[in-house]
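Student: Could you walk me through this model? I'd like to talk about its strands and its charged pairs.

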Amino acid sequence: MAFVIPAWTQPALPVAGSADQFPVRRIFCVGRNYVEHQKEMGGDGRETPFFFIKSAHALVPGGGSIHYPLKTANCHYETEMVVAIARGGRRIAAAQANEHIFGYGIGFDMTRRDLQQHGKDHGRPWDFGKDFDESAPCSELQPAAKIGHPSKGAIWLKVNGKERQRADLSDMIWSAPEQIAFLSEYYTLEPGDLIYSGTPAGVGPVNPGDQMHAGVDGVAEIRVSIAPAL
Ligand code: MN
C-alpha cells in the first residue's frame, strides 16, 4: 500500500540520556489546575479543572525557536509539567495511574489569549486560541524509571532572565494521577498521549525576540525563543 500524498513524520519527543524517542499521539491539556491561576483568569479559585486538546502537530520537540503565531496580538506563555503516557486504558483508578506513566517533561501551552477570549465571549470552542502551529513546545522526557513520580518541587519560568512564574507541583488542584483518572473516564487513553498538567499564576505575553527558560526542578528544563511571525 502506498500513501497518495507523502506521509509526515511521527511527532515525537527525545528521551533524556538516550537516543530513543517517545512517539506522541494526542495532547490533552488541563485548564485552571492551580488556584492562583484560576483567580488571575477571573475565577474564584474553587472551580473544577477541565480539559481541552491540542494536535500532536503543534509539538515543538526539545524547544528552540518558535514563530510568533498568526492572527494574534496577545500571545501568552503557560509553563506546565508534561506527563507522558506509556500504557493506555479507561477508567483508570488514581491509585494505579502512575503505572501508566512513561515519564515527565516541561512544556509551554502557548495561547493566543485574544482568540481564546473571543471564543469565551461568544460561547465558541477554544481551538483557535490553543491549538495552532508550534503551540506546544516540550522538553526531552525523563523516564519515571529514573526519577520516580514527582508530586512536589518547583516549577518556574524566566522571560529574558526575569522570573515570571513560580509555584510548587503540590499546588496543583488535580495531581497527575487524578488527571489520568478523570480523563480516562471520558477517553480510552493510549500509549503516546501527553497531558499538559496546567500552569501556575503569572501568565503573560511574549513578543518576538523574547527568550523563555523554564523548568521543573529534578525533572527537566526548556528554552524557547520567539522569532518574528511568518
Ligand atoms: Mn494551560
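Tutor: Here is a short chat on a sheet and some salt bridges. This is a predicted model, in which local features need pLDDT of at least 70, side-chain atom pairs count only at pLDDT 80 or more, and totals for chains, interfaces and linings use all residues. Residues are numbered from 1 along each chain as its sequence is written, and side-chain values use heavy atoms, with hydrogens and water left out.

Student: Thanks! What is the strand order in the open sheet of five strands?

Tutor: The order is β6-β18-β17-β13-β14, and the pairing is mixed. Strands here are DSSP runs (E, at least two residues) numbered from the N terminus, and two strands pair if DSSP finds at least two bridges between them.

Student: Which strands stand at the edges?

Tutor: β6 (64–67) and β14 (162–168) do; each has a single partner strand, so one side of each is left without a neighbour in the sheet. From one strand to the next, the twist averages 20°, with axes as lines fitted to C-alpha atoms and angles running from 0 to 180 degrees between N-to-C directions.

Student: How many bridges join β17 to β18?

Tutor: Six, between residues 211–216 of β17 and residues 220–227 of β18, and the two strands run antiparallel. G215 stands opposite E221 in β18.

Student: Switching topic: how many salt bridges does the count come to?

Tutor: Ten, where a salt bridge is a side-chain nitrogen of Lys or Arg within 4 Å of a carboxyl oxygen of Asp or Glu.

Student: What about E99 and R87?

Tutor: Their side chains meet in a salt bridge, 3.7 Å from N to O. Both residues lie in the loop between β8 (79–85) and β9 (101–108), so the pair ties together parts that are twelve residues apart in sequence. R87 is partly exposed, at 42% relative accessible area (buried is under 20%, exposed over 50%, partly exposed in between, with a 1.4 Å probe and protein chains only).

Student: And which residue does D44 form a salt bridge with?

Tutor: R46, with the closest N and O atoms 3.8 Å apart. D44 is partly exposed at 44%, while R46 counts as exposed at 69%.

Student: Last one: which residues are linked in a network of salt bridges?

Tutor: K54, E78, D109, R113 and K130.

Conventions
Helix = DSSP H or I, 4+ residues; strand = E, 2+ residues; numbered from the N terminus.
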